Structures are given as C-alpha cells and as structure tokens.
Amino acid sequence: MASASADALEVPGSGSPETILRALAEAFNVLDAKQQVRIPPSARSVGGLRAIQHDEAVLARVSRRPSAEQGRGLRYLPFAKDAVVFVVGERVRVRNLGAAQVADIFSGKLTEWSSLGGAREPIRVIVRDEDETTLKVLRDGIEPFRRISFSPNAKVAYHSHEMVALLDRFGSSIGFLSLSSLKGAHTRLAPLALDGVKADAQSLLSGSYPHAIEYGLIFKPARLTATARSFIDFIFSEAGGRVLRSGGLLPLPREPA
Amino acid sequence: LRSRLSLGFVILGVLLLVALIAVAAAYLVNVRAMHDVLMAKEFEKARSIGDIVELYLKEEVEKLETLAQGLKRDVELTALLKRYDATGEGRDDIVRLMADLFPDLPDVTVFELADRRARIVYRAQQPPLFGDTPGTWGIAEALAGKRVSVVAHGPDGLSLRVSAPIMAGSRIIGVITVGFSIDNRFATEVARHTRTGISFASERAVLASSLPPAERGRISLGLVKRAFAEDRPQFVGDEDSRTTTAYTVRNLIDETFGIVVQMDSQASYEQLRANESLLVRLSIGISLFALVLGALLTFAVIRPLRRLQLRAEETVRTIFGEAAPRRGGNEIDSLAVSLNTMTDKLLAHVKDLAHAKEVAVAASEAKSMFLANMSHEIRTPMNGVLGMTDLLLNTELDPRQRRYAETVRSSGDLLLNIINDILDFSKIEARKVTLENIPFRLRETVEEAVQAFARAADAKGLELACEIDTQAPDTVRGDPMRLRQIINNLIGNAIKFTERGEVIVKVQARALVAERMTLEISVRDTGIGIEPAVRERIFDAFSQADGSTTRRYGGTGLGLAIVRQLTHMMGGEVQVESEPGKGSTFRCTVQLALAHGEAAPDSIPARASLHGARVLVVDDHAASREILEHQLSAQGMVVATAASGAAALATLASAKQPFDILLLDVHMPEMDGIELARLVRAEPRWGAVRIAMLSSVRDDAPASLREELGIACWLTKPVRQSALLGCVHDALGISAGAAAQGAPLDDRAERAAAGTAGGSLRLKILLVEDNPINSEMALAMLGSFYCRTTVAENGRQALDALARESFDIVLMDCQMPGMDGFEATAVIRRKEAGGGRRTPIIALTAHAMDGDEARCLAAGMDDYLAKPFSLGALRAKLTRWANAPD
C-alpha cells in the first residue's frame, strides 16, 4: 500500500465523516502513488471552513451545509448521508428505545437500565455540545428530544472520538454517533433501533429512518489541485460509492457545478 | 498664494514625507510582526502549560490509584466490610477505621466507601449521604470489576476520583473511592507548579481558579466558548498588567475543560518595548539619512536647473531687451515662464521674418523683372551703337575717324560684357539659372572657348596654349554653355592681368566614379599675381585685388564670383595659387556625367591611326612645345622637339629615320619658321617631309608662299587638338578633309564673315522690327551683304508681307506692339503646315535671359541672335540658313 507522502492532500474538518473519508482516502491512495490524500483528526466543521476561507487547505470536510455567509466564495459538494444513531456501552443489553424513553434518559428522568428492562446499573448519559451536528439532527428529528435539558450528571464530548472513548470507557453509558463513526470505531458498542427502526443504508434510502447527517466537501474551485479533483471524482465514482455503502452510508449523486 | 518656494524645498519635503511614510509603514509592520512573534511565544507557553497541567493531573491520578490500590487491600477494612456485607453490622467500626485513615491520605479531600449495592457506607466529605446511592460516576463501574478514574459532578461539586473494587475472594463487596475536589485550592496548587494563574471552566461557568476574586471576574466565558467552538486557543494581551491570558481547551481524564492561563508576559513586553524603541531610533536615523541624501541629490538637481533658468532669463533679456515676467513659483515655474516668453517672442519674430521673406521674395522677383527689362532696354540701344559702329567701320574713314570708331566699338563691347556679367550674376544669385544636362563634346567645347581668346592673347603678345588630357572622354553630359562660361571667365581674367608671358589652360579628367567624372580645369598665367591678403576675397562679388586694379584693368569683378557660383552648381570648387609678380593658377573642378554611346552634335568623324608617324615639333616656347608633344604622343606618334631652327636642323640631320612631318612655329627668334621651312625645302633629302605651320592670328601667309614652301596646313595658336590632328592627317595624306575641320561651323562662318564683311549674299530678307534705330541698322548691315530687305513693323505686317511674296529668311524681333514675334511665328508655321515652303526664321531679340532661346525655338523659330549683334554674327547666321537644306 502506498503511504501518504509529505505533500499529500490534507482534508481537514468535521469528525463525523472522518472514518468514512479515511476509508475513501485509503482506497484512493492505492490508485496513484503521485496522488495521495490524508485525513487529519477532527478539527470540527468550523475548522474545515476556516481552513478553506484562509486558504490553509484546498479541500475540507464538513458535516453540515455552510450558511450563506459561511459559504460565500466556496463550493459545497454533498457526497453522502450517514445515519445518526443512539449507541450504548458494552454492558447494556437494551437494543431498542422509543423516542420518549430516549428523551427521559437524556433528561435524567430515567437513571437505571433496569427500568427499561436492562441490568440494575446506572445510565451514564454522554452528550455533545449544543452546536454539534449529530445533536442538532436528533433534536430536529425527535420531537420529545427537541426541548429537553440534559441531565446535570451527563458528560459532554466535543469530538466523535471523545464520544466513542467515553462510551467505551463506561459500559452502562448511552450516547449518539454517526453510524460510520460507530462502524469505524471497532468497539463493542451497539447501535439502538429507534422506535423499532434500525439505521442502515436501506432505511435511510427509504426514509423510514430519518435521522441522517449530510457530509460534504467544501473548496474554492479556483484553488483545486489535480489531486483534489481526482479525489472528488473518486468519491463520486463507482468505487467510491462501494466504499461509502460498505460504511453504511448513502452515496449522493454529484450536484452539477 | 504663490510664494516663491524653491523646488529644492518642495523635493526635500516630498522626500521627507515619503521617507516618513516608508519608515512608519516599516515600523507598523515590524511592531505587528513582533506582536505576532510574542503571541506565538505565548501560544507555545500556553500549550506547554496545558501539557504541564495534564501531566500534573496524571501524576495525581497515579497517586490516587496507588492509594486506592493500597486501601482496597487493607486487610482490616476488607474484613470489616466483608462482615458488614454479610450481616449489615460493623459500620461504626468501618467509619472509625476510615476516619483514622483519612488524615494520613495526602491531599485527598474525597474519601468514600460504598457497599456492593453502591450505597454510601462512609463519606469523609459533606454531606455524608449514608445509605444513599448518589449515582456518582465511577462507583458502578468499579462494582463492575475495574478500577476507574473519573471527573465527576457529584453533590460535593466537581472532583477527580479514583474508585477501586474491594474483593472478598472473587466477590466484589464494595468500592473504595479517593480523590480531591477540583476547586480553587486545586487550581492554586496547579498554578504553583506552572507559575501562572490557572482557571478551569466549562462553557457555562468558571469551575475553579487560582486567581483572586477580583481578577477571576475578568475571565471571559465568551472566549472560553469560542475556544470550545473553534477548538483552538484564544489570546488576550493586557499591556497595563503585562499579562497574556490564553483560553485553551483540554480533555483531562474524561472531561473537556476550558483552561484559562494567565501568564506573566513582563519579559516579553519589555522585549517588545525594547524592540519598538530600537525601531523608533532606527526610523529617526533612516529619516535623517534620507533627508541628508535628499538634500544632496536636490542640490545636484537644482544647481544645473537654476543655471538653466538664469540662462533662459538672460537669453530672453539679451534677445528681446526685456526680462521675462516673474510670477513666483519655483525654478521650474520660472524656467517655464522664461521659455514660454522666449517661445512667444520667437514665434512673433518668425512671423515677422516670414513676412520679411515674402517682402524680400517679392523684391527679388521685382529685381529680376527689372534686370530682364533693363537688359532688354539697354541691349536695344546697344544694338544700335554697335551695329552702326560696325557699319561705320566698313566705310571709308580717315585714320583718326577709324580710331574713334574702333574706340566706340571696343567701349561698346566692354559695356556689353559688363551688362552680361551683371545679368548672369543676378540670375545665379536669384537661383534662376538651371543647368542643362545634354551630351556634348568636351574637347571641342574647351578648345572653342580657348580659341575665342586667340586674338586677345595675340594682341598682347601672349602665348595662349591649351592641353586636354588625352584620357578625358570625348562625350560627356552637362551644360556646355556654362562650362564654356567658366573657362571664358578664367582665361579672360588671365589675359587681362598678364602683360607678358603665357596663359596655359590644362584640362584633366580626375576621378571616374559610377559613371561620373571630375574635370579639373586649370588656367595658369604669368601675370601680376595676387597678394595673399586678398586671395580669399577675389571670388567675392564686385571684388578685385584692390581698387586700383579696377581702375587699371577695368571689369566688374564679377567674373570670378560667377566662376565660383557655377563650379558650386556643378558640384565642384575653385581655388587659386598665386605669387605676386609671378602669376597665378586658377584651378577649378566640376562634376560631369559620362555619356556612353550618346551622340554629341557636330561630332568629328573617326580618323585613321597616326600610330608610328614621326613628327618634329619646333617651337621656342617651352610650354607650347610640351603641349604639342603630349597631344601627338597620345596618338602614338613618335615625337621629337627642338627649341630653335638651328636645333631643328641638327635633329633632322642626325635622325636615323626621316621625319614624316615638321610642325614649325612661325615666330621664333634668330630663325623663324618660314626661314626654317625654306632651308628644309632646300635640302633634297628632306623633300618628302610634310610641313605644318603654327602661327598667331595676326599672321596670314599668302597662298603663294604656302605653295612655294609646300605648307600642308596652317594652324592658329592656341592649337586645338582636333585641328592639330586634322592638320597632321591632311599633311600625311591619310584622310581628305579640311585642315580646320575641328572648328565649329558658327565659328568658322563668323570668322569668314568677319574677314569678308562686305561679301555678297544677295538674299531676300523680311526684317520684322518695330524699333526704327534697330531697323535702320539692320537694313544697313543687310545692305552691305547686298540683300534685298522688306521691313515689317509688327507680326501682322510680317504675315501680310509673307502672304504677298516669299523670302529666303525672316529676321524676327520678339517684342513688338500688336502681334509679337512669337505669335507671328506660330501663325507662319501653321500656314506652312498646309504644304508651303518652310521659311527659316531667325529671332532677333534683346531678351538675353535664360530660356529666351528655348522659347523662340518652341515658338517655331529656327535660330536665335541676341542683340546687340555684330555684322559678322549676322552674316554667319544668314550664311548658315541660306545654305540649309529645305
């Protein structure tokens, strides 16, 4: 396998698509040793935007569509949809929750898994900061979830990898993640069905699981390098689509320029 | 307000301003760069402090873990808890034991024991919560079997806790927790390690701080939130307190904190101030240097500018007699004012000059017209004077009357020459003369010019000789008339100022380049010479060597000026070498074009070769001898020379081969040519030799003498080459032809006519002339040729006369009242075009300006005779046209 060279194209930004983009970059890097892509750790979507605006990068990743003001002079190109799922720690046996239960858990009304048919263990709630995209998706999509205040005992993760680490560390915990981040983590964490609907590419495509996040690339068209163009072309290629689907994502058609 | 501010001050001001702006820009950029460097240093410092905090916490966690590990293996505690787990009894013992242990735990503020159901059994900190299950993070996880460290939000606030399971065999019977509160005390302890102010914050609140309450209030939660949102540090510098506050985000253990680090930046700010101070000093130094350099440069620029300004003002004053107006402003303004004033005045001056030129041109044209008119007006009476004098001289006169008449004639000739000179000079000066460019025979033209002075030279007893370079081309292109005028003026001048000796004319072809040749004509005399002081002036108009010269020798002094003008027009120049009392040599050059294959008028037929013929030249005059030798040698003849009759006889006697021809000068001291010829003829062995004689014009041997001595031909000095060669040919019997064939028809006819002035022509002439004097004179002249003449007073009368009868020749005046000569000629020619006989028409006109002859010929006339004309000239013209074929 070709290793990323020192002058490889770096695609900074959001943590949610980090896992799937790493998989895409890995598949892309074997095609041409002269064109290499590297996916650095999360700098959040805002970091990706800043890198493009300040010409610190030619291509960045975001997990939400930039506002009109943020996107001035930039091109936003969505490439996949990823489900946002509730995830539980390894000791939790519960695999399905209703929307109201979820709201009660995160607000601190339900504190024991035993009340939900699980073991007699405290529910460790892990949330994201309020600006974070997966939280926004859930707040927007789950009515009871929309207005709750999180339990004062809840821990706050500021990156996907922090969420994964906390879920992994505390076996009776519950949090939420993008499905691709969960798959890429290779842990014994488990996704929950919501109101009986499991999140996968099919339910996303059918719309039966509506809680999805959109991943996109941002760039200034005039500054795109040959490698960046090739990488974008690869993401929208058949091979790129296969990688996305294998990560549980729904590939999106390429929007015309 | 326009003060007279020197340009120097303006330039200096601008330079200073530019320097200040540049220095200020450099200063600002440098200060900003220094700030950036300072911030980068502070950033590194903040990061390393974050690392220190993280490390400190890890060490603290390790300490707690060690403690927890030790406590969970405490045998007494395990035994008591085991009993309590089994029976629910013995809690007091447990509490007592825990209370005993607690003071010995360094820095621990959180000390708890929970049973296997996560209920609090002992708690050192408040509230005690005995029997509660507060759900604090870590206890349940420890009950699951592993030691866990956690940052927990509990009823006692935020704390760092390490919980470890207490085992009874393989069974977990409880959890021991040690830790400490993350509070101000903890923050102060951390700050002690980092030597900074440290605060721990969430997005919503400051959780713990080492800062005094007053400073704690200055922590910005907005910047904490921004640090969280942007995931990168934020910095705030406070120059007053010389501190920098960094807002960073760190994940410690399992919690993300905003860490606010207040750093003492005294040293950095001092460094910044020192650098700024250095920058200020450097800026001032650079500005001063730029000022001095600018002053030097300005001085270097302004000094010549000021000189130029003064010069311009002085020029205005000098040329126009007044100073340029001063309107303030700097040197360039003043210079501009001076130059504008000068330009305005010069333009006005140029306008005046243009007007003056127009006036001058008009005056010049008026002068030319005046000259033309005067020429005509003077020539008309002169025609009467000279013509009548000619007629008078043909009558019976006593010696005194003849002398008087001849004086009138010569004075008239002189006056005519003067008029001609003035007219020529004026025309050339007025650039009214254009040179012709026609093929002509060079040799003949030169020889004719020289020949014309034969009488004058002879009259003064001067030897006049001419030598033409044998390499000179026969035919060239140029203006033969003006070339002849040059030669005429030079020879006339030489003869005039030479009392005795010789005048030698030499013509040499010099450079031949690209179908053009330079002809050098030199005229050497043995006359009075020219003083060096006046040599430069003699080519100026109306200038002779001195005033007495004019009085003594006469003349206008225009001849040489005309020569110089003509040579310049012909692309050459004229020079003089002279030695007072010994003579002068005038040397002039002219440019002529070669005329290959072009036939010149009156060309001489090619002659047979004279190569190898032997000739003896006998002449006492060395120059003549040399010229003859040169001319004959050039033809391939074998030439011997002798300076006297005796020497000639000796040469003849000693010759191994007999000579074919003897060329004898008539006038020689001791033994003249005639006597020598007699002696030669007396000697039988020289009987076959041909004899040719050379004489001056005045000599004319009787035909009987020529026959007696067997003289083959008689040449007149100066000898023209064509005549010489013709003579030699004739003498040797190589080619039949006239001895004087080289002479042009006009010249021959004129001389013949002069010689036989009263000869009969018996022609029928129509004289068209309105001037009664001219008419009478012409009638008298024609009468002397026994011509029958009808007079018409204008063109119309002429036409009437021609309608009545035919004439041999028409003599036509040009300017007449009614119908002038040009119009009358045109009518005559139109009528003749109908098939009638063409009557020769000769123009008689006092219009001697250039172009007159061409105008006459264009009108249909056949020839041209300028007034005043001589009897001989008239006869020559009549003879020529009387004999011309129809």
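**Salt bridges, a chain contact and a buried helix**

User: Which residue forms a salt bridge with Glu132(A)?

Analyst: A salt bridge is a side-chain nitrogen of Lys or Arg within 4 Å of a carboxyl oxygen of Asp or Glu. The closest N and O atoms of this pair are 3.4 Å apart. The partner of Glu132(A) is Arg128(A).

User: What kind of model is this?

Analyst: Residues are numbered from 1 along each chain as its sequence is written, while chains are lettered from A and ligands numbered from 1 in the order in which they are written. Side-chain values use heavy atoms, leaving out hydrogens and water; local features need pLDDT of at least 70, side-chain atom pairs count only at pLDDT 80 or more, and totals for chains, interfaces and linings use all residues, as the model is predicted.

User: Are Glu132(A) and Arg128(A) buried or exposed?

Analyst: A residue is buried under 20% relative accessible area, exposed over 50% and partly exposed in between (1.4 Å probe, protein chains only). Both Glu132(A) and Arg128(A) are buried.

User: How many residues apart are Glu121(A) and Arg91(A)?

Analyst: Glu121(A) and Arg91(A) form a salt bridge, with their closest N and O atoms 2.6 Å apart. Glu121(A) lies in the loop between α3 and β6 of chain A, and Arg91(A) in the loop between β4 and β5 of chain A; helices (H or I, at least four residues) and strands (E, at least two) are DSSP runs, numbered from the N terminus. The pair links distant parts of the chain, with a separation of 30 residues.

User: Which strands hold Arg587(B) and Glu520(B)?

Analyst: Arg587(B) and Glu520(B) form a salt bridge in which the closest N and O atoms are 3.6 Å apart. The pair links distant parts of chain B, 67 residues apart, with Arg587(B) and Glu520(B) in strands β17(B) and β15(B) respectively.

User: What is the relative accessible area of Glu520(B)?

Analyst: Arg587(B) is partly exposed, with a value of 25%. Glu520(B), by contrast, is buried, and its relative accessible area is 11%.

User: Which element gives the largest share of the side of chain B that touches chain A?

Analyst: Between chain B and chain A there are four salt bridges. The elements that give two or more residues to this side of chain B are α4, β3, α7 and β10 of chain B. The largest share, five residues, comes from β3(B).

User: How much area is buried between chain B and chain A?

Analyst: The contact (heavy atoms within 4.5 Å) takes 25 residues from chain B and 21 residues from chain A. Buried area is the accessible area (1.4 Å probe) that two parts lose on being put together, summed over both. Carbon and sulfur atoms give 45% of the area, which is about 2,100 Å².

User: Why is helix α21(B) described as largely enclosed by the rest of the structure?

Analyst: Among the residues of α21(B) that are buried are Leu724(B), Leu725(B) and Val728(B). What covers the buried residues includes α11, α17, β20, β21 and β22 of chain B. Helix α21(B) is therefore largely enclosed, as the number of its twelve residues that are buried is eleven.

User: What distance separates the end C-alpha atoms of α21(B)?

Analyst: The expected span of a helix is 1.5 Å times one less than its number of residues. The twelve residues of α21(B) (residues 721-732) should therefore span 16 Å. The distance between the end C-alpha atoms agrees, at 16 Å.
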